[in-house]
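Reader: I would like to learn how to read a few features of a structure, one at a time. Please give the general idea and then the case at hand.

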Amino acid sequence: MPDVHPGPGEVRIAVSISALSPGDVKKRTGWQGSRIEYPRVIPHSDGAGRIDAVGEGVDTARLGESVWCYGAQSYRPFGTAAEFVVVPTDLAVPLPDAGSYSANRELAEQAACLGIAGITGHRAIFADGPVNGLLVLVHGAAGGVGSIATQMAVRDGATVIAVIRADQRQRAEQLGAHHVLDSDDPELSAAIRAVAPDGVNRIAEVDFADHIELDADVIAIGGVICSYYSSADRPSLPYWKLGFADTTLRLLGSDDFPPAVKAQSAQELTAALLDGSLRSVIAERVPLSEIARAHELVERGEAGRVVVMVGDG
């Protein structure tokens with residue numbers, strides 16, 4: 001492909017790290033009937049690198065800036081799985097110089113994982129305000145979105161109940177969860193109520209259809225269920241149980257949050273990354289020449305994040 005060049009209001013990033021999310025695989029495979037709207041698509045919405053060119057109207061002081069970006073391939077044809085990517089300047093979030101090459105590389109890897117998973121996880125926790133002093137339940141707390149939701153809730157001062165598979169207990173404890181419960185426990189509702197007798201205030205939900213009955217059992221009066229996925233397109237609801245709890249249902253689609261919401265989430269995620277309270281597990285580092293293998297790892301549900309090593313950035 002020829003080198004891309006930034007237009008008005010855009011910057012070009014020399015990409016060092018391109019991060020995969022399940023959403024990148026879903027777009028490629030036509031999940032939920034989604035269509036590829038362009039003759040050619042370079043995949044991946046998230047990445048990190050260094051700004052090496054700016055378009056008209058962008059402050060030239062941004063040249064040379066280390067950044068991470070999100071939304072590169074959200075309703076756009078060309079994402080971060082390339083040596084260069086062009087994005088609107090607001091989608092390129094500044095990163096400080098971490099010092100050594102290895103430190104900068106590590107920071108870039110972590111920052112590249114903040115986009116889809118980070119903004120979704122942040123929204124799942126904070127869409128209805130701060131959680132300091134509240135009880136927060138995170139389903140799938142060891143996953144890409146769930147792990148970020150867990151860490152951000154802990155950082156804000158919530159008491160976090162992590163629901164995970166039995167083999168993920170150690171990871172959930174590392175994330176700072178205050179209570180770790182097994183998703184396969186036949187008495188899970190009672191176990192949650194033992195920790196939260198008056199119910200939980202917020203639920204970050206990884207599968208609305210599969211868990212809504214349980215969520216209705218444990219939600220506090222006036223609580224919020226934020227779901228970013230459902231295994232069924234038209235799930236049934238325990239209407240009155242939810243209604244009598246004055247429950248708010250919030251359904252999330254990460255590509256479609258308002259721009260101001262994404263920008264605020266990006267700022268807070270970056271702050272958490274820099275103060276050391278937010279980290280992702282990098283499961284595999286794959287060279288750009290083996291990008292098909294990277295997608296296969298994500299399709300298999302690799303435990304942890306998969307990143308594509310592109311260049312020095």
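Reader: Which residue forms a salt bridge with arginine 28, and how far apart are the closest N and O atoms?

Author: Side chains of opposite charge can pair when their charged atoms come close. This is a predicted model, and in it the partner of arginine 28 is glutamate 299, with the closest N and O atoms 2.3 Å apart. Arginine 28 lies in helix 1 (residues 22–29) and glutamate 299 in helix 10 (residues 291–299), so the pair ties together parts that are 271 residues apart in sequence.

Reader: Is arginine 28 exposed or partly exposed?

Author: The cut-off for exposed is over 50% relative accessible area, and for buried under 20%. Arginine 28 has 41%, so it is partly exposed. Glutamate 299 is also partly exposed, because its value is 45%.

Reader: How many salt bridges are there?

Author: The count is 12. Among them is the one between arginine 155 and aspartate 275, at 2.8 Å from N to O. Arginine 155 belongs to helix 4 (residues 144–155), while aspartate 275 sits in the loop between helix 9 (259–274) and strand 12 (282–287), so this contact joins parts 120 residues apart in sequence. Another is formed by aspartate 217 and lysine 241, whose closest N and O atoms are 2.6 Å apart. That pair links helix 7 (residues 208–218), which holds aspartate 217, to helix 8, which holds lysine 241; the two residues are 24 apart.

Reader: Which residues have a positive phi although they are not glycines?

Author: Tyrosine 75 is one of them, with a phi of about 60 degrees. Tyrosine 75 is in the loop between strand 3 (66–69) and strand 4 (84–88), and is exposed at 60% relative accessible area. Aspartate 246 has a phi of about 55 degrees and is placed in the loop between helix 8 (239–244) and strand 11. Its relative accessibility is 54%, so aspartate 246 counts as exposed.

Reader: Which residues make the nonpolar surface patch of about 280 Å²?

Author: Leu237, Leu249 and Leu251 make the patch. Leucine 251 is in strand 11 (residues 248–251) and has a relative accessible area of 64%, so it is exposed.

Reader: What lines the second largest pocket?

Author: The lining has 15 residues, and Pro2, Val4, Ile42, Ala82 and Phe84 lie nearest the centre of the pocket. By type, the lining residues are 11 nonpolar, one polar and three charged. The volume of this pocket is about 270 Å³.

Definitions and conventions
Residues numbered from 1 in each chain as written. Predicted model: local features only at pLDDT ≥ 70, side-chain atom pairs only at ≥ 80, totals over all residues. Heavy atoms only, no water. 1 Å grid on protein atoms, 1.4 Å probe; cavity = no way out; pocket = protein on both sides within 12 Å on 5 of 7 lines; lining within 4 Å. Points joined across faces, edges and corners; volume = space filled by probe spheres on them. Nonpolar A, V, L, I, M, F, W, Y, C, P; charged D, E, K, R; others polar. Patch = residues over 30% accessible without salt bridge, like charges linked within 9 Å, V, L, I, M, F, W, Y side chains within 5 Å. Areas by Shrake-Rupley, 256 points an atom, 1.4 Å probe, with all protein chains shown as cover. Salt bridge = Lys/Arg side-chain N within 4 Å of Asp/Glu carboxyl O. Helix = DSSP H or I, 4+ residues; strand = E, 2+ residues; numbered from the N terminus. Buried < 20%, exposed > 50% of the residue type's maximum accessible area, 1.4 Å probe, protein only.
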